[in-house]
Amino acid sequence: AFCLPCESGYYSDQPGHSGVECTPCPKGTYGDGVAQTNCKSCPNGYSMKKNGSASCVECAPGTYGIGCLPCPVETARSSSDPDLTKCQQCQLGETTTIEGAAVCDKW
């Protein structure tokens with residue numbers, strides 16, 4: 001008998017496990033190689049929304065930071081904002097009324 005390594009996006013912290021006994025990397029982590037013994041955390045401004053991912057993706061507009069949290073009310077982060085780690089405060093005369101806004105609206 002022989003062991004198969006875990007595929008990208010999966011890991012096993014137990015020696016001698018075969019590929020069928022691998023665990024998917026949990027949400028917010030990734031496994032970018034084969035035969036991983038643990039998963040890596042996605043960097044600030046990136047996340048993975050499903051288990052078993054081999055890479056992380058940028059936070060979507062309206063989200064930010066570790067785990068891609070929704071922007072708080074009165075802040076927004078658009079798709080053109082290069083800083084994935086924070087939302088921008090709405091300017092005077094603008095606001096948002098929901099969490100996760102990508103743009104501020106005039107009021």
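Which handedness does the link of C71 and C87 have, left-handed or right-handed, judged by the angle about the S-S bond? With -80 degrees about that bond, the link of C71 and C87 is left-handed. The structure is a predicted model, in which local features need pLDDT of at least 70 and side-chain atom pairs count only at pLDDT 80 or more, whereas totals for chains, interfaces and linings use all residues. Residues are numbered from 1 along each chain as its sequence is written, and side-chain values use heavy atoms, with hydrogens and water left out.

**View 1. The disulfides of the whole structure.** A search of the whole structure finds six disulfides, a disulfide being a pair of cysteine sulfur atoms within 2.5 Å. When the bonded cysteines are counted along the chain, the disulfides follow the pattern 1-2, 3-4, 5-6, 7-8, 9-10, 11-12. Three of these links, including the one between C25 and C39, are taken up in the views below.

**View 2. The disulfide of C25 and C39.** The sulfur atoms of C25 and C39 are joined at an S to S distance of 2.1 Å, and because the torsion about their S-S bond is about -85 degrees, the disulfide is left-handed. The pair links distant parts of the chain, 14 residues apart, with C25 in the loop between β2 (23–24) and β3 (29–30) and C39 in the loop between β3 and β4 (40–41); strands (E, at least two residues) are DSSP runs numbered from the N terminus. C25 has 0% relative accessibility and therefore counts as buried, a term that means under 20% relative accessible area with a 1.4 Å probe and protein chains only.

**View 3. The disulfide of C42 and C56.** Here the S to S distance is 2.0 Å between C42 and C56, and the link is left-handed, with -80 degrees about the S-S bond. C42 lies in the loop between β4 and β5 (46–47) and C56 in the loop between β5 and β6 (57–58), so that distant parts of the chain, 14 residues apart, are linked by the pair. C42 counts as buried at 9% relative accessibility, and C56 counts as buried at 19%.

**View 4. The disulfide of C71 and C87.** A disulfide with an S to S distance of 2.0 Å joins C71 to C87. Because C71 lies in the loop between β8 (69–70) and β9 (75–76) and C87 in the loop between β9 and β10 (88–89), the pair ties together parts that are 16 residues apart in sequence. C71, at 0% relative accessibility, counts as buried, and C87 counts as buried at 15%.

Key
Helix = DSSP H or I, 4+ residues; strand = E, 2+ residues; numbered from the N terminus. Buried < 20%, exposed > 50% of the residue type's maximum accessible area, 1.4 Å probe, protein only.
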